[in-house]
Amino acid sequence: MKYIVGIGGMTNGGKTTLTNNLLKALPNCCVIHQDDFFKPQDQIAVGEDGFKQWDVLESLDMEAMLSTVQAWVSSPRKFARAHGVSVRLDASDTHILILEGFLLYSYKPLVDLYSRRYFLTVPYEECKWRRSRRSYAVPDPPGLFDGHVWPMYQKYKREMEANGVEVVYLDGMKSREELFHQVLEDIQNSLLNRS
Ligand SMILES: Nc1ncnc2c1ncn2[C@@H]1O[C@H](COP(=O)(O)OP(=O)(O)O)[C@@H](O)[C@H]1O
Ligand SMILES: NC(=O)c1ccc[n+]([C@@H]2O[C@H](COP(=O)(O)O)[C@@H](O)[C@H]2O)c1
Ligand SMILES: [Mg+2]
C-alpha cells in the first residue's frame, strides 16, 4: 500500500519539526520538503509592495516537486534506496511518503494524491514571534511578515477552504511531543483501517 501524508500549514507552525519526528518513527517512510523547490532568487518576482514574492505558488517549481512525487509513486522502494531510507524487508508492503511545506494544498495536480492532509496553525502573534527568531537562506527584510507573508497565508488558506479541500487542523501551540503522538497515532489508525 502507498500512503501519502501532507504536513502543511502556516510558516513556523512546526511542520518541519513534526515531520522529522514522524520520519524517525514510521517504517519505510520517505520525505519531500517543498522548501527544496524554491526557485532561485533572481526568478522571484518583486511585487508592487516592493517585496520579493516568496510566499506565492509561482515562487516554487511545483512541476519539479510533482515529478519527484511521481518518482516515489512509481517505485517507493527504488526511491527509498536512492534517498538512503532503509526498507524493512519484514514489514508489510506499506510505503509512506510525507510531503511537508507551507503551500501543499494549493497546487491542483497534487491535491488529490494525499491519503491524509494535516494543517498546522498558531495564532498571528506566535507566528510572527517564531518567524522573527528564524534565519532563512534569504533573510526577511523589515515589514515582510505583515506586508507579504501573513496576507499570502490568509489568501491561500481562504482559497483552500473555498475549494473544499479537506484537512485535519492541528494546534501548533501544543508541545512538540503531544503533536508527534497525536499525528503518529492518527496515521497508524488510518493505516489499520485501510489494510
Ligand atoms: N510544538 C512547538 N512548540 C513550540 N515551538 C515549536 C513547536 N514546533 C516547532 N517549534 C519551533 O518553532 C520554530 C519553527 O518550527 P519549524 O518546525 O521549523 O516550523 P515550520 O517548518 O512550520 O516553519 C522553530 O524554532 C521550532 O523549534
Ligand atoms: N528556502 C528559501 O530559499 C527561502 C527563501 C526566502 C524565504 N523563505 C521562506 O520560507 C517560508 C516557508 O518555509 P517554512 O514554512 O519552513 O517557514 C516562506 O514563508 C518563505 O518566505 C524561504
Ligand atoms: Mg519548515
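**Exercise 1. Sheet and packing helices**

Identify the bridge partner of Gly-9 in E4, and then describe the sheet and the helices that pack on it.

Solution. Step 1: Gly-9 has Leu-120 of E4 as its bridge partner. Helices (H or I, at least four residues) and strands (E, at least two) are DSSP runs, numbered from the N terminus. The model is predicted, so local features need pLDDT of at least 70 and side-chain atom pairs count only at pLDDT 80 or more, whereas totals for chains, interfaces and linings use all residues. Residues are numbered from 1 along each chain as its sequence is written, while chains are lettered from A and ligands numbered from 1 in the order in which they are written.

Step 1: E1 and E4 run parallel and are joined by five bridges; two strands pair if DSSP finds at least two bridges between them.

Step 2: The open sheet has five strands in the order E2-E3-E1-E4-E5, with parallel pairing. E2 and strand E5 (168–171) each have a single partner strand, so one side of each is left without a neighbour in the sheet. On average, neighbouring strands of this sheet are turned by 20 degrees against each other, direction ignored. Axes are lines fitted to C-alpha atoms, for helices over the stretch in contact, and angles run from 0 to 180 degrees between N-to-C directions.

Step 3: Touching E1, E2, E3 and E4, H1 packs on the sheet, and its direction makes about 165 degrees with that of E3. H2 also packs on the sheet, touching E1, E2 and E3, with its direction at about 170 degrees to that of E2.

**Exercise 2. Ile-98 and the nonpolar core**

Is Ile-98 buried or exposed, and which residues touch the most other members of the largest nonpolar core?

Solution. Step 1: Ile-98 is found in strand E3 (residues 95–100). Ile-98 is buried because 23 other C-beta atoms lie within 10 Å; the limits are 20 or more for buried, 12 or fewer for exposed, and partly exposed in between, with C-beta atoms placed from the backbone.

Step 1: Leaving aside neighbours within four places in sequence, the contacts of Ile-98 include Val-5, Ile-7, Leu-22 and Val-31. A contact requires C-beta atoms, placed from the backbone, within 7 Å.

Step 2: The largest nonpolar core has 35 residues, of which Ile-98 and Val-183 touch the most other members. Helix H6 (144–162) is among the elements that each supply at least two residues of this core, and H6 gives the most, with five residues. Such a core is a set of buried Ala, Val, Leu, Ile, Met, Phe, Trp, Tyr and Cys residues joined through C-beta atoms within 7 Å.

**Exercise 3. Asn-12 and ligand 1**

Where is Asn-12 found, and which residues are the closest to ligand 1?

Solution. Step 1: Asn-12 is found in the loop between E1 and H1. Asn-12 counts as buried, with 23 C-beta neighbours inside 10 Å. Its phi is positive, about 65 degrees, although Asn-12 is not a glycine. Most residues other than glycine have a negative phi.

Step 1: Of the 13 residues that surround ligand 1, the closest are Asn-12, Gly-14, Lys-15, Thr-16 and Thr-17; a residue is near a molecule if its C-beta atom, placed from the backbone, lies within 6 Å of it.

Step 2: H1 gives the largest share of this shell around ligand 1, three residues.

Key: Contact = placed C-beta atoms within 7 Å.
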